[in-house]
Amino acid sequence: MAKADMLSRLINTLTKAEKRYFRLYTALQQGNKDYVNLFNMMERLSFRSTAELKQAFQQQYAGCSYEVCSKYLYKVLLDCLLHLRMQRHPTATLTAGILKCDILFERSLHEDALKQLHKAQTTASANEKQLLQLWAQQQEMQLLQQMNFPGITEEDLSQKQAAIQQTMQTMQQVRQQTSLYETLRHHLLYRGSTRTVHQQNTIDALTAGMPPPVPHSATSLKVHLLFEAHYHLITSDYPAALQAFHKLHQLLDTHPELFEDTPADHLLIVEGILDSLRAGKHYEELFSFIDKVKRLNGDSVYFDILRQRLLFIYEAGAYIDSGNFSLALTLLQQYMPGIMKNILLMDISKQAEIYLHMTLIYLGNEDINNAHNSLEQVLQSNLYSTLPIYRTCRLVHLLIQYELGNYEYIRYETRAFRRHLQPDTKRSYLLERTVIKFLGNGEIPTVTAYRAALWKKINASFEKIKADKYERQQLKLFDFSAWIEAKLKRKSLSAVLQEKTRN
């Protein structure tokens, strides 16, 4: 990303409190403040490109170097944000405390330096910040060595060395757990849920290597539960996943300090609960939990945009599942201005998910043009092609082409789509094969008896899909069987989904 683009994003993600602190900070500075003028311009006005911003700045402030001002503004903004974090963030405060010990020692304030290090070790141990605890312990040993171990017996020295070894051992165990969890989550993000026995065996091998939680360590328990929850998500065991996520939520209530460094983990747990509730069709509990999400408060634009995404995806998702597309459209109109403004702050999988839900809402409201335009945001970029959700997007794209009557295009695309389906077993990817086969037949004859017979045959395939743990999870985002049923029975998609919900 270009430096100018990074500066623009940095300014756009500042909170009101951060902007206020920047103005107070710069008000104390002496000398030229052209960088403040650049900040004011970027905050109040929008520019289509960096070149347009540069031209406007140089016209208004002749003689000022845009390059120098933009680089210095970027540096000052980061300094301000760091100052704020040092005041609010427990880990940053603890880190600063350890750094202060070096300053105290250099000025021969040995007693105070050691006192600060003992305090840092106690705080780090209580909050399970093992890395900072180890740093403070090593700093203490270094200071004591330079002071020739005053008042330290050999037994005291051995105890301090053993404490360092214990910290390192705990770190190693938690790191082993974390590595396995990272691998599992990467698998879920870029390969999706298990669809074959081979994929299941690969995941089970990871599970076999997962050590039990470290005794009396909330951090280790957190990682272990995250692994357990994501394992159940990958294997489509949503009731078990929901139990694990509820345990994590209870851990969050009792040990909030575990999530201070990683507020995104809090949202990850919330999303796991919402995802499991939606998959299990527990909509009443889902809407109750959504109300809790609405009350969550973060101290950054990033946290807020992720929270808005959760609210849109799962509230709209519940309406999509039940065929209430008019309410889903109202939600889209409510959330999209804020989400689209900061959508680039999210990773590509979250962006693709938003575009897919927009597409499904427009499809359900029979607004095919907007459905097509929304999905093109994903299909026209190679960024999304490695994601598991990309296959679902391509399948929905074929439905849209069918709605538009582009049957020849569908035949061409379905041939390309089949090449992407893994041919490891004939039963794999039955959902995709069933939908593609229906679409490949082109326009449906008007004969009612033919339509009824075709639906009976296709419905039998979908019954197999719903009974197969490797296949049914593909229906979580969208009920393709309802769309086909609507076409064959000449009903609206909304009517079919509402009827399924009632039944």
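Is phenylalanine 57 buried or exposed, and what is its relative accessible area? In this predicted model, phenylalanine 57 is buried, at a relative accessible area of 0%.

**Figure 1. Aromatic pair of phenylalanine 57 and tyrosine 61.** Twelve aromatic pairs occur in the structure. In the pair shown here, the ring centres of phenylalanine 57 and tyrosine 61 are 5.3 Å apart and the planes meet at 45 degrees, so the arrangement is tilted. Tyrosine 61 is partly exposed, with 22% relative accessibility, whereas phenylalanine 57 is buried.

**Figure 2. Aromatic pair of tyrosine 402 and phenylalanine 438.** The two rings adopt a tilted arrangement, with 35 degrees between the planes and 5.7 Å from centre to centre. Distant parts of the chain are linked by this pair: tyrosine 402 belongs to helix H19 (residues 388–403) and phenylalanine 438 to helix H21 (residues 430–440), the two residues being 36 residues apart. Tyrosine 402 is buried, with a relative accessible area of 6%; phenylalanine 438 is also buried, at 3% relative accessibility.

**Figure 3. Aromatic cluster containing Tyr402 and Phe438.**

**Figure 4. Cysteine 64 and cysteine 69.** The cysteine sulfur closest to that of cysteine 64 belongs to cysteine 69, at 5.4 Å. Because a disulfide requires sulfur atoms within 2.5 Å, this separation is too far for a bond. Zero disulfides are found in a search of the whole structure. Cysteine 64 counts as buried, at 16% relative accessibility.

**Figure 5. Cysteine 101.** The relative accessible area of cysteine 101 is 1%, and the residue is therefore buried.

Conventions:
Residues are numbered from 1 along each chain as its sequence is written. This is a predicted model: local features need pLDDT of at least 70, side-chain atom pairs count only at pLDDT 80 or more; totals for chains, interfaces and linings use all residues. Side-chain values use heavy atoms; hydrogens and water are left out. Rings of Phe, Tyr and Trp (its six-membered ring) pair if their centres lie within 6.5 Å; planes under 30 degrees apart count as stacked, over 60 as edge-to-face and the rest as tilted. Buried means under 20% relative accessible area, exposed over 50%, partly exposed in between (1.4 Å probe, protein chains only). Helices (H or I, at least four residues) and strands (E, at least two) are DSSP runs, numbered from the N terminus.
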